[in-house]
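Subject: Structure for your records, with notes

Hello,

Here is the structure for you to look over. My notes on it follow below.

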Amino acid sequence: AILDTIVDFTSVDTFPSFKECDSIIDKTKKATCFRDTIHQKLREQLQKHSFTVKDSIDETIFVDVLINTKGKVILEKIKSTENLKNQLSNLDSILKVCVGNLPLIYPAIKRGIPVTTQYQLPIRIQLKE
């Protein structure tokens with residue numbers, strides 16, 4: 001018998017999942033539930049903080065996170081403009097705390113084994129003077 005030894009490491013069999021998404025069977029709906037839930041939970045965390053700015057801001061930042069095999073979310077990198085960094089110098093540390101406060105996630109599965117996955121989350125920052 002020929003053994004299937006080619007493994008595609010660019011995709012997973014099961015996406016990471018929050019508890020509320022775990023019962024969804026359809027792969028696309030489960031991925032959408034995960035994306036919507038992680039955005040909602042981050043938004044709730046960010047709204048607990050107050051920000052003051054000199055000029056109005058309407059920008060999108062990109063937050064790279066790793067979800068390890070234990071379901072822990074780790075902040076990898078934040079991509080934002082110099083303007084945003086200057087006006088919200090504490091945004092990076094606040095995001096680190098917000099990501100650290102996310103609940104555990106069921107990790108992605110590849111061939112029955114939990115695997116680490118990386119995601120890039122776009123977050124729109126809208127603040128008025």
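Helices (H or I, at least four residues) and strands (E, at least two) are DSSP runs, numbered from the N terminus. On that basis the protein chain has three helices and five strands, and their order along the sequence is α-β-β-α-α-β-β-β.

This is a predicted model, in which local features need pLDDT of at least 70 and side-chain atom pairs count only at pLDDT 80 or more, while totals for chains, interfaces and linings use all residues. Residues are numbered from 1 along each chain as its sequence is written, and side-chain values use heavy atoms, with hydrogens and water left out.

Overall layout

Taken along the principal axes, the C-alpha atoms of the protein chain fill a box of roughly 70 × 25 × 20 Å. Buried means under 20% relative accessible area, exposed over 50%, and partly exposed in between (1.4 Å probe, protein chains only). Of the 129 residues in the protein chain, 36% are buried. A contact means heavy atoms within 4.5 Å. Among contacts in the protein chain with a separation of 6 or more, 71% are between residues 24 or more positions apart.

Disulfide

A disulfide is a pair of cysteine sulfur atoms within 2.5 Å, and the count by this rule is one. The pair is Cys-21 and Cys-33, with sulfur atoms 1.9 Å apart. Cys-21 is in the segment before H1 and Cys-33 is in helix H1, so the pair links distant parts of the chain, twelve residues apart. The link of Cys-21 and Cys-33 is left-handed, with -75° about the S-S bond. Cys-21 is buried at a relative accessible area of 0%, and Cys-33 also counts as buried, at 17%. Cys-98 is in no disulfide; the nearest cysteine sulfur belongs to Cys-21 and is 19 Å away. Cys-98 counts as buried, at 0% relative accessibility.

Salt bridges

A salt bridge is a side-chain nitrogen of Lys or Arg within 4 Å of a carboxyl oxygen of Asp or Glu. The search of the whole structure finds five; the following are among them.

- Lys-41 and Glu-20 form a salt bridge, with the closest N and O atoms 3.4 Å apart. Lys-41 lies in helix H1 (residues 27-46) and Glu-20 in the segment before H1, so this pair ties together parts that are 21 residues apart in sequence. Glu-20 counts as partly exposed, at 45% relative accessibility.
- Asp-64 and Lys-79 meet through their side chains in a salt bridge of 3.5 Å, N to O. The pair links distant parts of the chain, 15 residues apart: Asp-64 is in strand E1 (residues 57-67) and Lys-79 in strand E2 (residues 73-79). Asp-64 counts as buried, at 5% relative accessibility, whereas Lys-79 counts as partly exposed, at 35%.
- Glu-82 and Lys-85 form a salt bridge, with the closest N and O atoms 3.9 Å apart. Both lie in helix H2 (residues 82-87), three residues apart, which is about one turn of the helix. Glu-82 counts as exposed, at 52% relative accessibility, and Lys-85 as partly exposed, at 35%.

Nonpolar core

A nonpolar core is a set of buried Ala, Val, Leu, Ile, Met, Phe, Trp, Tyr and Cys residues joined through side-chain atoms within 4.5 Å. The largest one has 29 residues, and those with the most contacts inside it are Ile-61, Leu-88, Leu-95, Ile-123 and Ile-125. At least two residues of this core come from each of H1, E1, E2, helix H3 (91-100) and strand E5 (117-127). Leaving aside residues up to four places away in sequence, Ile-123 touches Leu-42, Leu-46, Glu-59, Thr-60, Ile-61, Val-63 and Leu-95.

Largest pocket

On a 1 Å grid over the protein atoms alone, a pocket is an open set of points where a 1.4 Å probe fits, with protein on both sides within 12 Å along at least five of seven lines; lining residues have an atom within 4 Å of a point. Grid points are joined across faces, edges and corners, and a volume is the space filled by probe spheres set on the points. The largest pocket holds about 340 Å³ of space. It is lined by 14 residues, of which Arg-43, Leu-46, Ile-123, Arg-124 and Ile-125 are the closest to its centre. H1 and E5 are the elements that give two or more residues to this lining. E5 supplies the largest share, six residues.

Regards
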